[in-house]
Amino acid sequence: MQTTTREAVHLPQTLEPRNPGMALDLDWVMRATANRSAIERRAATLTGRRSVKKAYQAAWLCRAITCIDLTTLAGDDTVGRVARLCAKARQPVRSDLLGALGMDGLKVGAVCVYHDMVEAAVDALAGTGIPVAAVSTGFPAGLSPFHLRVAEIEESVKAGAAEIDIVISRRHVLTGNWQALYDEMRAFRAACGEAHVKAILATGELGTLQNVARASLVCMMAGADFIKTSTGKESVNATLPVSLVMIRAIRDYFEETGYRVGYKPAGGISKAKDAVVYLALMKEELGDRWVQNDLFRFGASSLLGDIERQLEHHVTGAYSASWRHAAG
Ligand SMILES: O=C[C@H](O)COP(=O)(O)O
């Protein structure tokens, strides 16, 4: 059978067997707790230390680029804006800088858009192998009728999305209805088919770190390929304490089942130095395997611009104005 370009970019590239999920284990869910003060102390150690410098920093920043889900999620998105974003995804840093860094061919992890922009993004990324991620299930609030949320996933997969970022029903967490959360997530995973599913917990709306830990576990038990902090639209988005809780849930799940689930902090990550902190956190808590882009992504609309500025400084010794790196 002949493979079309759209089919060719469709299957996610991963080195891992996919997390199949498991039966809901409520005893395990209820055992999950989170000690806020210990977590905040550990998070503070990550930002307090000296950051990596020079060639190491440039290498980490290039790695960060490969992990970006380059995102536009605005009501005024157009095919033209998405095409410009995809051009940036293909060539995230000026070619002379990439050449000087020995990083020709560097590209981002994925491009992330609303459903209506999926086809435009798939077309603009044809032949690059860069997957398109679609936010789905009534993003960002997730309050549309259930059958429409499932249908939205199916439509985005049909349009060529290789990754689907679903939003969970926060009320299931807030009322402790873990069975409902599990069933919902299971149905979303099934609707994705071969496309990989990222479960957005919207942690800023879950009330407690304990809820974050429990929701993380339930979504992984229901077959999430990634767990993701936020939509970028909550008043509090990705934070280090929340990340620690989610990353440790990923570790527990791996130790218990042998399956590696990915992690995606999203929302408000816009500085190169923050990207390095997140990569260090992943490396320290989960090991080198989790700083590759089939298991780690940043959801970010403006991070790439700052990383490019820092790389330009590394290569030329001078900073250019931030407006010169507006896209991404
Ligand atoms: O998932 C991605 C987020 O919506 C991006 O948030 P940001 O615009 O704060 O980078």
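Author: The sheet is open and made of eight strands, which follow one another in the order S7-S6-S5-S4-S3-S2-S1-S8 with parallel pairing. At its edges stand strand S7 (262–264) and strand S8 (298–300), each of which pairs on one side only, and from one strand to the next the twist averages 25 degrees. Here strands (E, at least two residues) and helices (H or I, at least four residues) are DSSP runs numbered from the N terminus, two strands pair if DSSP finds at least two bridges between them, and the angles, which run from 0 to 180 degrees between N-to-C directions, are taken between axes that are lines fitted to C-alpha atoms.

This is a predicted model, in which local features need pLDDT of at least 70 and side-chain atom pairs count only at pLDDT 80 or more, while totals for chains, interfaces and linings use all residues. Residues are numbered from 1 along each chain as its sequence is written.

Within the sheet, strand S1 (residues 68–71) runs parallel to strand S2 (residues 110–113) and is joined to S2 by three bridges, with Leu70 standing opposite Val111 in S2. Strand S3 (residues 132–136) and S4 also pair in the parallel sense, over four bridges, and Ser136 has Ile166 of S4 as its bridge partner.

Five of its five residues are buried, a residue being buried if 20 or more other C-beta atoms, placed from the backbone, lie within 10 Å of its own. In a regular strand the side chains alternate between the two faces of the sheet. In S4, Glu163, Asp165 and Val167 are buried on one side, and Ile164 and Ile166 are buried on the other.

S4 (163–167) and strand S5 (196–200) are also among the elements that cover the buried residues of helix H10, as are helix H8 (146–158) and helix H11 (209–221); contact means that C-beta atoms, placed from the backbone, lie within 7 Å. Helix H10 (residues 178–192) reaches 21 Å from its first C-alpha to its last, close to the 21 Å expected for its 15 residues at 1.5 Å a residue, where the expected span is 1.5 Å times one less than the number of residues. Its buried residues include Trp178, Leu181 and Phe188, and just after H10, Gly193 takes a positive phi of about 60 degrees.

At the other end of the strand order, S1 and S8 are among the elements against which the buried residues of H14 pack. Those buried residues include Leu303, Ile307 and Leu311.

Definitions and conventions. Buried ≥ 20, exposed ≤ 12 C-beta atoms within 10 Å, placed from the backbone. Contact = placed C-beta atoms within 7 Å.
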